[in-house]
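Below is the structure I had on screen, followed by what I looked up.

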Amino acid sequence: MDDVDRGRPHRCLLAPSARAAAAVLALSAAALTAWLGVRNSRAQGTVGINRLVWRQLEPIARWHRSVMVVVADAVGVVIPILVAVAVVGAWWMRGRRAEAVLLAVAPALASVLVRFVLKPVTENSVGWLPHYPSGHTTASATVAMGLGLCLVRRRWRPWWLMTILVLWPLAVGVLVTGLRMHWATDVIGALGFSTATVIVVAAAVDGVRDALVHRPPARRANAGAARGPER
């Protein structure tokens with residue numbers, strides 16, 4: 001049962017007063033992702049910067065690489081999936097359907113687009129695998145940003161949890177860059193793409209929810225009659 005069904009006021013994922021700023025942020029993030037993707041694919045002006053970052057993070061690559069790769073997979077792929085599944089299930093059962101849909105759709109959509117669209121399009125690689133943008137960073141960032149967006153509209157948003165949500169994708173980005181699984185620009189592009197995806201999905205969820213809430217009473221009654229009596 002949703003907030004509106006329980007008689008509570010309709011709560012949007014994106015505050016109406018912040019929607020214009022969110023749209024500008026989403027467009028800027030998408031533009032940054034596209035620009036870095038073009039430059040990475042053509043190796044224009046990013047190779048030198050990326051190699052400099054690699055040298056600065058070289059100790060990570062030297063310290064038990066096989067163990068660190070497992071850690072990177074855990075915090076960048078496994079944990080985001082487990083957190084998303086657990087939170088989506090809990091929120092859905094508690095009637096927080098909009099937040100549940102956001103956290104279910106945004107990470108899945110972003111991961112699919114990264115794997116099957118962005119990486120093949122850029123056609124740049126570290127070793128033999130297409131790498132732009134970072135899939136590990138995308139997965140962790142979309143989950144963290146989705147949780148953060150939902151919590152910031154709620155009363156319960158402890159500082160320690162918000163700090164973890166900020167540092168989590170950044171730590172994943174540093175880890176995969178230090179292990180030379182990705183360039184630094186792959187991580188930046190993933191953060192930009194995750195930001196744009198979360199905002200777009202949140203706006204879409206708000207739009208659908210607004211349309212359902214503000215339907216004329218006759219249409220709502222007809223929709224209920226079409227579903228038939230509850231058993």
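Is Arg-19 buried, exposed or partly exposed? I found that Arg-19 counts as partly exposed, at 31% relative accessibility. My cut-offs, with a 1.4 Å probe and protein chains only: buried is under 20% relative accessible area, exposed is over 50%, and partly exposed lies in between.

A note on what I'm looking at: this is a predicted model, where local features need pLDDT of at least 70, side-chain atom pairs count only at pLDDT 80 or more, and totals for chains, interfaces and linings use all residues. Residues are numbered from 1 along each chain as its sequence is written, and side-chain values use heavy atoms, with hydrogens and water left out.

Entry: the overall layout. I get 9 helices and 2 strands for the chain. I take both as DSSP runs numbered from the N terminus, with at least four residues (H or I) for a helix and at least two (E) for a strand. Going along the sequence, I read α-α-α-α-α-β-β-α-α-α-α.

Entry: The chain has 231 residues, and 41% of them are buried.

Entry: contacts, meaning heavy atoms within 4.5 Å. Of those between residues at least 6 apart in sequence, 79% join residues at least 24 apart.

Entry: salt bridges. I count a side-chain nitrogen of Lys or Arg within 4 Å of a carboxyl oxygen of Asp or Glu. The structure holds 3 of them.

Which residues does Arg-19 join up with in a network of salt bridges? The network links Arg-19 with Asp-206 and Asp-210. I took the Asp-206 pair to begin with: its closest N and O atoms are 3.8 Å apart. Arg-19 sits in helix H1 (residues 19-42) and Asp-206 in helix H8 (residues 184-213), 187 residues apart, so I noted this as a link between distant parts of the chain. Asp-206 is buried, at 2% relative accessible area.

Then the other partner. Asp-210 also meets Arg-19 at 3.8 Å, N to O. Asp-210 lies in helix H8 and Arg-19 in helix H1, so this pair ties together parts 191 residues apart in sequence. Asp-210 counts as buried, at 19% relative accessibility.

Last entry: Arg-96 and Glu-99. Their side chains meet in a salt bridge at 3.7 Å, N to O. I checked their burial, and both Arg-96 and Glu-99 are buried.
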